[in-house]
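Please walk me through this structure.

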Amino acid sequence: MPPWRRWLGFLFLALVGLLVLLTALPIIETDEWWVRLWDYPRLQIAGLIVLALAGLAAVGPRKGRTFWIATGAGVGALAWQLVQVAPYVPGWPAELKVAKTCDPGRGLSLLNANVLLTNRNHAALLALVRRTDPDLVLLLEPGPEWEEAVRPLYPAYPYRIGDPLPNTYGLILLSKLPLERAEIRYLMQAHVPSVKAGLRLRSGETVDFYGVHPEPPYPADDSGERDAELVRIGKEVRAAGRAAIVMGDLNDVAWSHTSRLFRKVAGMRDPRVGRGPYPTFPASMPLLAWPLDHIFVTPHFRLVSIDRLPDIGSDHRPMLFGLCLTSSPDRRLNGKVMPAGVREDAKDEIEEGAEERAEENRG
């Protein structure tokens with residue numbers, strides 16, 4: 001065997017080993033950022049595994065135990081990655097059914113847009129809102145400059161609440177529908193707001209709305225507070241038992257343990273299941289993008305539409321959702337008591353988030 005081929009074989013062998021390791025890391029139950037980071041690129045890792053296995057088969061030494069162990073581990077890792085993302089492949093049974101018809105009074109459209117604090121292309125966002133004409137607009141990452149920039153939308157959106165901040169965690173909620181008991185809350189961190197409000201539909205019925213943008217895991221900051229915030233909101237939704245919508249940049253992918261736990265805790269559904277992942281970040285690199293911008297709804301709703309919108313100069317693509325309320329919003333449809341195992345997992349996440357917050361406060 002030529003030396004170049006032997007070295008290339010070793011390279012593919014090492015790459016398979018690395019990808020198997022990155023597949024295994026997220027299985028560990030920990031909030032460490034360098035572990036949780038690998039929840040995100042499952043589709044990309046799966047693609048790299050295919051390329052690495054093909055390269056190993058083409059130029060690697062096909063004899064010996066090492067080759068077969070590496071090949072078996074690589075195939076196993078590929079299967080595991082595909083299992084995790086399978087619900088977000090078109091053709092999987094849809095979790096949220098489509099509304100064949102919808103009473104205009106019970107329908108609503110929602111635009112989720114992480115505008116990027118440093119983005120100066122305000123005109124693109126304004127044009128997008130005017131073109132799509134949603135009932136509700138949730139802006140994430142707006143600072144004071146963005147607050148001034150969106151004032152031209154105020155006549156069309158008379159109901160507003162927000163906390164624009166210069167730290168990339170501000171938010172602004174604009175609504176054509178009346179907001180009831182609207183409040184800005186700081187559930188886990190003093191610099192990370194979320195919003196809770198009642199949305200009074202044109203039918204006169206009110207549904208609960210939560211707008212969120214927790215911190216992502218990154219060096220020196222693990223995922224405990226993010227996970228705890230989502231689980232706390234999930235518990236609120238479950239306890240209220242009413243029609244509810246949770247929307248925002250969750251800084252988490254739909255297939256992560258935390259997102260699945262949140263849905264189980266809240267008893268909510270993801271409209272992307274069976275339709276596609278709809279990756280939104282980073283906007284400039286579609287092949288590397290992940291689905292970070294989400295909407296989850298209780299079983300009171302059906303889907304009218306879901307659209308990933310054009311780039312507005314941000315690092316996120318906006319998402320537009322159309323929903324239809326098909327049951328009485330006060331009727332409990334998600335069960336009063338969550339399963340025991342889910343309850344214990346939720347308790348653990350909240351405790352771990354509280355510990356992480358305490359450590360940050362001490363630091």
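Q: What are patches made of?
A: Patches are made of residues with over 30% relative accessible area and no salt bridge; like charges are joined within 9 Å, and nonpolar side chains (Val, Leu, Ile, Met, Phe, Trp, Tyr) within 5 Å. Accessible areas come from the Shrake-Rupley method with a 1.4 Å probe, and for residues only the protein chains shown count as cover. A salt bridge is a side-chain nitrogen of Lys or Arg within 4 Å of a carboxyl oxygen of Asp or Glu. This is a predicted model, where local features need pLDDT of at least 70 and side-chain atom pairs count only at pLDDT 80 or more, while totals for chains, interfaces and linings use all residues. Residues are numbered from 1 along each chain as its sequence is written, and side-chain values use heavy atoms, with hydrogens and water left out.

Q: Which residues make the nonpolar surface patch?
A: Leu15, Leu18 and Leu21 make a nonpolar surface patch of about 240 Å².

Q: Why is leucine 21 called partly exposed?
A: Buried means under 20% relative accessible area, exposed means over 50%, and partly exposed is in between (1.4 Å probe, protein chains only). Leucine 21 has a relative accessible area of 48%, so it is partly exposed. Leucine 21 lies in helix H1; helices (H or I, at least four residues) and strands (E, at least two) are DSSP runs, numbered from the N terminus.

Q: What makes the other patch negative?
A: Its members are Glu29, Glu344, Asp345, Asp348, Glu351, Glu352, Glu355, Glu359 and Glu360. Asp and Glu count as negative and Lys and Arg as positive, while His and the chain ends are not counted. The place of a charge is taken as NZ of Lys, CZ of Arg, CG of Asp or CD of Glu.

Q: Why is glutamate 29 called exposed?
A: Its relative accessible area is 80%, so glutamate 29 is exposed. Glutamate 29 lies in the loop between helix H1 (3-24) and helix H2 (33-36).

Q: How do you know that leucine 303 is buried?
A: Leucine 303 has a relative accessible area of 4%, and therefore counts as buried. Leucine 303 is placed in strand E10 (residues 301-308). Apart from neighbours within four places in sequence, leucine 303 is in contact (heavy atoms within 4.5 Å) with Leu96, Lys97, Val98, Ala99, Pro271, Arg275, Gly322 and Leu323.

Q: Why is valine 265 called buried?
A: Its relative accessible area is 0%, so valine 265 is buried. Valine 265 lies in helix H8 (residues 257-266). Its contacts, leaving aside neighbours within four places in sequence, are Val231, Gly234, Lys235, Arg238, Met338, Val342 and Ala346.

Q: What makes glutamate 95 and arginine 263 a salt bridge?
A: The N to O distance between their side chains is 2.6 Å, and the cut-off is 4 Å, so the pair qualifies. This pair links distant parts of the chain, with glutamate 95 in the loop between helix H4 (65-85) and strand E1 (107-114) and arginine 263 in helix H8, 168 residues apart. Glutamate 95 is partly exposed at 25%, whereas arginine 263 is buried at 13%.

Q: How do you know that arginine 185 forms a salt bridge with glutamate 236?
A: The closest N and O atoms are 2.9 Å apart. Arginine 185 is in strand E5 (residues 179-185) and glutamate 236 is in helix H7 (residues 224-240), 51 residues apart.

Q: How many salt bridges does a search of the whole structure find?
A: The search finds 17.
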